[in-house]
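Please keep the sequence and the model in view while reading.

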Amino acid sequence: MHFHQHGYVSADPRIEAAAGYGIDRPEELPDEVDVLIVGSGPAGMVAAAQLSQYPEVSTRIIEKRDSRLVIGQADGIQARSVETFQAFGFAEEIIREGYHIIDMAFWNPDPENPEHIIRTGRPKDDEAGISEFPHLIVNQARVLDYFAQFAKQSPARIAPDYGIEFLDLAVDGDADRTSSTVSDHPVSVKVRYTAGERAGEERTIRAGYVVGCDGARSGVRKSIGRTMSGDQANHAWGVMDVLANSDFPDIRTKCAISSKHGNILHIPREGGHLFRMYVDLGEVPDDDARKVRRTSVDEIIDRANAIIAPYSIDVKDVAWHSVYEVGHRLTDAFDDTDETAVDSPSPRVFITGDACHTHSAKAGQGMNVSMQDGFNISWKLGQVLAGRSSQELLRTYSAERQVTAKNLIDFDKEWSTLMATPQEELPDATYLEDFYVKTAEFPAGFMTEYTESMITTSPKHQELASGFPVGKRFKSARVQRNCDANFIHLGHEARADGRWRVYVFADSPAPVIGSAGTEGTSGAERPSGADGTQGSKVTQLADWLEFDPASPLVEFRREGDDIDALVELSVTYQQDHTEFSFPDVPTVFRPHVGEFDLEYVEKIYAAIPEEDIFDERGISRDGAVVVVRPDQYVSGIFPLDATDEISEFFSGVFLPAQ
């Protein structure tokens, strides 16, 4: 963790100094804000947390509840989400708190006694080693708490404004929505207080942008004229979180249970006692008129006991329960602009999560995908409102996330259908288990792949780093830090601070002879690169990055900023960490930062011989540059000497320094 650069810190280093709008942040919702987030669910809280790193942006988040969420309906935390938590600094805490899914048991009717179930398979949850992070079960309320803590401790000091509900909005027709920078607030938003002394009072505020994170019945979606379409719900499930005793041997293991009496998706919860059951209530007749929604929890418990015979559950307490019908619905776009029109204005209003895509809970994707929606739009808003990028960047949100949601719905249709299908109607006895194993990467959150855009290049140089697919999330691997020999997961060092990352992988020169601390040349005589030659491509790249006017570190650097304020560099060498020392590395990889101009040397790495990152991620021995955007997705791969291409790419992302 990087701190002390502005002076000695003796208190919790996660609490950053207030800045910008975080200084003397008003208690009351102001009349004018740059970003108004509606709803404090997963997408809303991620967006608030990310925007809290942009103190120059006035951001508020409103929630109609009068306080924090107490009982969350979502609980499955996929590995991609835990990876995101790492960027926000709380992965370790939530990993300790959560229930870890290691296996998944499959139960089916006993061929010798079809009225009873038997275990037919128990595959590993992540047999292929998709991620170094675990698959967790954690109460949604706790996830929101962690994001709230991050937002409150960040420079903008963002906290939810509880007890305020969204009513309607309108965007000024004559607003300038195409300028490269933004200073106006053309969105008028009507809100109403739902709690406290002002309960019932309505008022109108002005916003530059609105992010609707207000659920399946989204008022924001309605206000911009977006509608959801898709399959009608035709299958009902009862879900309950219970404290119970049971003789079912896999009561503390995730299970897919299929019996003559229906199906159950069983999920143990954190804490050692609580578990959740999704209980099959069967097909819903067309003339049901929502009567199935009135199914009592006692009926759900009885149905569960019938399904798991010869075992049973003795419920002692019901923490929460509900009945829902599986439906798959999607909006045609996730913002308020018409991309079919050539002169369509840049968007001002965005929708996320259940406001724009709904599906079953069986794949455990609702909260996870919603958080990625919030992460995606928030860094883009921060960059635009900070004057770093043009409003064109905002068009990429709907283009990227709408495709992701469509893929999720297609997957969930297949998975939820299989979950509700009796085993005898499946192609073979292990069909469901085999589907679970072979599609594991999708529900883990790692199949998202963004296509070419202003922030994603073509894959023409993909062969230089085949293990970092362009458009997919940066898959971390271990390296060894040069300065102290610590083993580091390279991707885990990236914080959700709005900065881009440029990972430089060096070409393969001869090791330095006579580096610092050994016999040989003096410090003044040592070459500038760890390769020992002035002609190394990585040395030439470093010189370009530090001094050339076309370098993104030079062209877009504002007066007074540290050299890594916008783009953080790291370099990984092929040599063992003992074969060179950080003073031998080009100075751009050991930047001077903070008010004391302190040299920072912890971004210089070496490959680990036993698990060489160059081999594990298919990186060319001729070296490569991997550019990663703030939400951890790979934007492009470049040769070390492709400075013109690198310059051209960043010129399409950033605005010139002002």
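## Terms and basis

Two parts of the structure are in contact when heavy atoms lie within 4.5 Å. Helices (H or I, at least four residues) and strands (E, at least two) are DSSP runs, numbered from the N terminus.

The model is predicted, so local features need a pLDDT of at least 70 and side-chain atom pairs count only at pLDDT 80 or more, whereas totals for chains, interfaces and linings use all residues. Residues are numbered from 1 along each chain as its sequence is written, and side-chain values use heavy atoms, with hydrogens and water left out.

## Confidence

The predictor's confidence in each residue is given as pLDDT, on a scale from 0 to 100. Its mean over the chain is 90, and 93% of the residues reach 70 or more. Over residues 513-533, the pLDDT is below 50, and this stretch has 47 contacts in the model beyond near neighbours in sequence. Residues 177-183 also have a pLDDT under 50; for them the model has 22 contacts beyond four places in sequence.

## An enclosed helix

Helix α2 covers residues 79-87 and is largely enclosed by the rest of the structure, because eight of its nine residues are buried. Buried means under 20% relative accessible area, exposed means over 50%, and partly exposed lies in between (1.4 Å probe, protein chains only). The buried residues of α2 are A79, R80, S81, V82, E83, T84, F85 and A87.

The elements that cover these buried residues include strands β3 (76-77) and β7 (135-137), together with helices α3 (91-97), α4 (140-153) and α7. After α2 comes G89, which has a positive phi near 85°.

## The seven-stranded sheet

Seven strands form an open sheet with mixed pairing, in the order β6-β5-β14-β15-β16-β13-β17. Two strands pair if DSSP finds at least two bridges between them. At the edges stand β6 (113-121) and β17 (313-325), each of which pairs on one side only. On average, neighbouring strands of this sheet are turned by 20° against each other, direction ignored.

Strand β13 (residues 235-246) runs antiparallel to β17, and eleven bridges join the two. A244 has V315 in β17 as its bridge partner. Helix α9 (residues 431-438) lies across β5 (104-110), β6 and β14 (254-259), and runs at about 165° to β5. Such angles run from 0 to 180 degrees between N-to-C directions, with axes fitted as lines to C-alpha atoms, for helices over the stretch in contact.

An open sheet of three strands has antiparallel pairing and the order β12-β18-β20. Its edge strands, β12 (228-231) and β20 (357-358), each pair on one side only. Two bridges connect strand β18 (residues 328-331) with β20 in the antiparallel sense, and L330 has H357 in β20 as its bridge partner. Helix α8 packs on this sheet and touches β12, β18 and β20, its direction making about 170° with that of β18.

## Salt bridges

Side chains of opposite charge can pair when their charged atoms come close. A salt bridge is counted when a side-chain nitrogen of Lys or Arg is within 4 Å of a carboxyl oxygen of Asp or Glu. The whole structure holds 51 of them. In one, E400 pairs with K380, with the closest N and O atoms 2.8 Å apart. This pair links helix α8 (residues 395-419), which holds E400, to helix α7 (residues 366-385), which holds K380, across 20 residues. E400 counts as buried at 7% relative accessibility, and K380 counts as buried at 0%.

D564 and R499 also meet in a salt bridge, at 3.5 Å from N to O. D564 lies in the loop between α11 (552-555) and β24 (567-573), and R499 in the loop between β22 (487-489) and β23 (500-505), so the pair ties together parts that are 65 residues apart in sequence. D564 is buried at 11% relative accessibility, and R499 is buried at 15%. Both belong to a network of salt bridges that links E16, R495, D497, R499, R501, D564, E568 and K603.

## Around strand β21

Strand β21 is joined to β22 by three bridges, and the two run antiparallel. V479 has I488 in β22 as its bridge partner. Five residues lie between the strands of this hairpin, in which A485 takes a positive phi near 70°. β21 also pairs with β27 in the antiparallel sense over two bridges, and Q480 stands opposite A606 in β27.
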